[in-house]
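Hi everyone, thanks for coming. Please have a look at the structure on the screen, and then I'll walk you through a few of its features.

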Amino acid sequence: MSDKTPSPAVPEGPSSTTRDSEMDQTSNATETVEATLPEAQKPKPSPQVNIDDVAPQRAHNANDLLHAVAALVLAVVVIVFATYMHGITTGVEHDAKTAGQAFAWLMDLPVSILQQFLSFAIIISVLIHLLINREWFQSAVSVVALFCGYTSILVLSFILAHLGVPALMDAVRSSEGAGPAMLPDFYAGIGAFLTVAGPKRSRSSVKWSWNALFIAAAVFVIVSWHSVAGTIVSFAVGRIIGLILRFAMGTRTQGLWGSGIVQAVGNIGLRLTELHRREDDNEPGALKSRLDDDLIENSRIYDAKDERGERYIISVLDSLPHAAGYLNQLWQGLRFTGVAIRRDRSASDAIHHHFSMLLGLKSCGLTTLNPYGVMDSEESSLLVLDVANSPSPGNLDNLNEETMVDYMDYLAKANSRGYTHRHITPDTLAEIHGEHVIVGWQNGDYASGSTNIAMDKVQLLVLLATLSNPQLAIESALKVWDRQTLISLAPFIQKVAIPSATRNLAGWSKQLLGEVRDGLNALDPHDEVEAAEPVTLARFNVKSFLSITLLIIAVAVIFTQLRPNEVINAVRHANLVWALVCLLLSMLAWVGSSITLGSFMDHGKLHPFDLFCSQAASGFTAVSMPAGVGPAFVNLQFLRKNGYKNTAATAIMSVTWAVQGLTTIILLLVMGLFTGRNMFSGMVPTNTLVVVIGAIVLLLCLCMAITPIRRMIVDKYLPILRSYAHQLVEVLTQPQRLAVGIVGALVLNIATGLGFWAALKAFGTTFNPLETIFVFLLANTLGSAMPTPGGLGAVEAALTFAFTSVGVPPAVALSATLLYRVGFYWLRIPIGFLAMKRLDHHNLL
C-alpha cells in the first residue's frame, strides 16, 4: 500500500485488520448516512490524513521452526516407545478400544469411503475459503504440502519396512485404510495441508477441519483401523512438512497498517493529519532495532503529526516479528541460571511492559523517552512517543571520565529503585538534550534482585572498559559506586554476562575480562592473592557438564556393575533388623565426617543439616570418582560456597582429610596390638611406601632442575603454597578443634566398621566387634586404593578375601559384603543425588 494523496479519516473505533480500501468504503458509507441526517446532527468533518505506508509483506515466523522441531521430537519418542516399550502402546490401544464400544457399528462401514469423503470436504472447503480471499499463492503451496505429506509417509514407511524391526512394524502398522503405506497417509497429507492453509485462529474453515481430523483420528483408532503410534507419527510428519513450507513461504502479517493505525491512535486522543512510514535502514538480522523507539526489536516506526501540529513517533510491534524476540528471551532463560529473565509471550505484553518501564524511570527523576500512550489490536501493539525527547547516539569514540561517571550514575539511580536494564550494549549509550542516558529498556524489569543489579553494573563497566581502558573505567566507577560494591562485582566478571555486541567491539580482547577482574580484586584491602569464587551464571558450563557426566557414569555403573540377582538374594536372606542397623550406621558415618569438617569451620558458618548434606552428596560422587576423591571435591566446593577463600578452603579440606586418614592409621595400629593379629605383611606390598615417596621426590627434583618450570613454580605457585601452609598451620594449632575433629573421625571409622559387623550379624555370624573393625578397616583401605569409582570391585574382593581368611565362611563373607555395599554404597547414590540437588539449589555446591 502506497497512498500519497490525502484521504478522509475513519471515525474512531477498534480495528485490527483494516486496510485503506476498506477505510474508503467505510468513509463512503458514512457520507451516505450523513446526507440523510438533519444538519444539526451531522458530525464535524475529520481532518484529512496523508498516509505514506508500505503494504504488509510475508514474514518468516520463527515459531514455525520451533514447532517443527517439537513435532520431530514427538515422532522420534513415539517410535522409540513403540520399539522398546511395546506393552505400553498396546495397552493404550486396548484401553481406547474398550472405551469405544459405542462406535462398533462403524466397523461395518468401509474406511476408504469415510477417509475420502472427509478429505474431499476438508480440502474443498478450505480451498474455497482461500480463493475467495484471493490467497492464490497460499492455495498453491497448501496443495503442494498435501502431496508432500502423502509422499513423506510413503518414504518413511519404506524406511521402517527396510529396517525390519518386528516390534516397531507391529506397533505402527494399520490394519486398514493405509493403502500401500505402512503408516496412515491420511493424517500426514491433510495435516500438512491445513498447517500451510492456516492459521486456524483467522480462518474458521481451517479450525473446524482440524477438529474434524482429530475426531476422525480418535474414531479410527478406537475401531482398530489405525494404530496409536502410527497415527501420532503421521500427524507429526504432516506438521513437520507443513511448518517447514509455511516458514519458507512466510506468513502474512494481519496487524495494523496505514489507516488502521490512524483509527487506533484516535482512541487515545490523537487525530492525525500525517502518517509516514520510515524505511527499514537496519542491516539484516533476526533482531533489528532503532534508537528512535527505545530499541524495540523488529518494530515498524512511523512519524506522525496531529491536527494541532504536534509530532509523535509511533512504534508498531506485530506478533509475528515479535516471535523472534520471544525465542531470544527463552534462549537467554535457558543459558542463565539464577538470573531472572523476562518472557513476553505476546507483542502486547512486551509493549505494555516497556511503557511501564519508561514511566517508572521518569518517576525516578531520570531523563527518558517521553511515552504518550499504548494501543492494541489482535496482532499488533502500538507505543506512541513524544518526539520532543528523541535520543541521539552517544559519542563513544571520545569517552572521558566525566561521561563515564554520568552513565554509571544514571544506572545507579535506576538500580537503587529496583530497575535493571539486563542488556547494556554500545547502542544503549545515548544522549537526550545533551544529557547522557541509557536507553533500550524493553527487556529490563523492576523489583530486580541483587544478581541482576550486579550484572547490569558488570555489563556497563566492561563496556566502558572496552571503549576506553579498564583502569579508567574502574577509577570512574569508584566515584559512583563504593569500593565494596566494586569488589563484590568480581565474581560476576564472566564472558557469559557480556552481550555479544560488546564483545564485537574493536577494543575487546580475551584478556580484557581478566584485567577488569584483577583491577577489582586489587581494591580488596586483604592481603590475599586469590580471586573470589566466580558466581554460577551459565547453565551450560564446566560444572553442569561434570554433573551430567557424573549422572551418566552413575547410571552406567548401576546398570553394568550392579548384579541385581545376587544383591536381592543376599538382602532377602538377611535379618531385616540387622540390615536396618547397617543402614543406620551408614547414616551415622556421615554424621562423623560432618563433625570432623565442621570442627574446623567458623561457628558463624556452621549449619548442621547443610554439613550433613555435603557429606551425603559425597555418596553420589563416589559412583564416578575413586574413593576419597569425591568427598574431598565436595568438601572443597562446599567450603568455597560458604565464603572461604581458595587457600583457606583447601587448608580446611586437607586438614579434614589428614585427620581422618591419620585416625584410621592410628586406629589400625592400636587395634592390631590389642587383637594380636598381624595381617599387614600378607596384604601390603613390600617397600610400597618407600617407592611412592621416592617417586614424588624424584619428580620434584626434575621439575626444579628445569629453569622455566622452576620459575613458574617459584613465581606462580610458591606464594599460593605459602599462603596455604600458613592457613594449615593456623588450623592445626587449635587443639580444641583438632580434638573435636578426631572424635568425628573416630565416629566415622567405628560406624563404618560396625556396619560390616551388623552385616555379618544379619546372616547369623557372630564375630568380635573389635576384630571386625580392624579387619574391615585394613581390607577396605587397601581396596579403596584402587582407582575405580568408589573402589568398585576391589573393595568387594578385599573384604570377602579378608574375612574368609579369618574364619568367616566364604558364602557368608560374600553375602555380608554385598549387604554392606547396599547400605554404604548403592543406597547412598540416590540419597547423595538428592542432597547434591538441595545444596545446588541453595548455592552451596
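Which residues do ring pairs link into a cluster? They are Phe 186, Tyr 187, Trp 210, Phe 214, Phe 220 and Phe 235. Rings of Phe, Tyr and Trp (its six-membered ring) pair if their centres lie within 6.5 Å.

A quick note on the model: it is predicted, so local features need pLDDT of at least 70 and side-chain atom pairs 80 or more, while totals for chains, interfaces and linings use all residues. Numbering runs from 1 along each chain as its sequence is written, and side-chain values use heavy atoms, leaving out hydrogens and water.

Now to two helices, which are DSSP runs of H or I with at least four residues, numbered from the N terminus. Helix 28 (residues 735-761) packs against helix 31 (residues 810-826) at about 130°, with the axes 8 Å apart. Axes are lines fitted to C-alpha atoms over the stretch in contact, and angles run from 0 to 180 degrees between N-to-C directions.

Where they touch, with heavy atoms within 4.5 Å, helix 28 brings residues including Gly 755 and Phe 756, and helix 31 brings residues including Tyr 820 and Phe 824.

Let's stay with that last pair. Tyr 820 and Phe 824 are stacked, 4.6 Å centre to centre with 25° between the planes; stacked means planes under 30 degrees apart. Being four residues apart in helix 31, they are separated by about one helical turn. Both Tyr 820 and Phe 824 are buried, meaning under 20% relative accessible area with a 1.4 Å probe, protein chains only.

Conventions
Phe/Tyr/Trp six-rings, centres within 6.5 Å; stacked < 30°, edge-to-face > 60°. Buried < 20%, exposed > 50% of the residue type's maximum accessible area, 1.4 Å probe, protein only.
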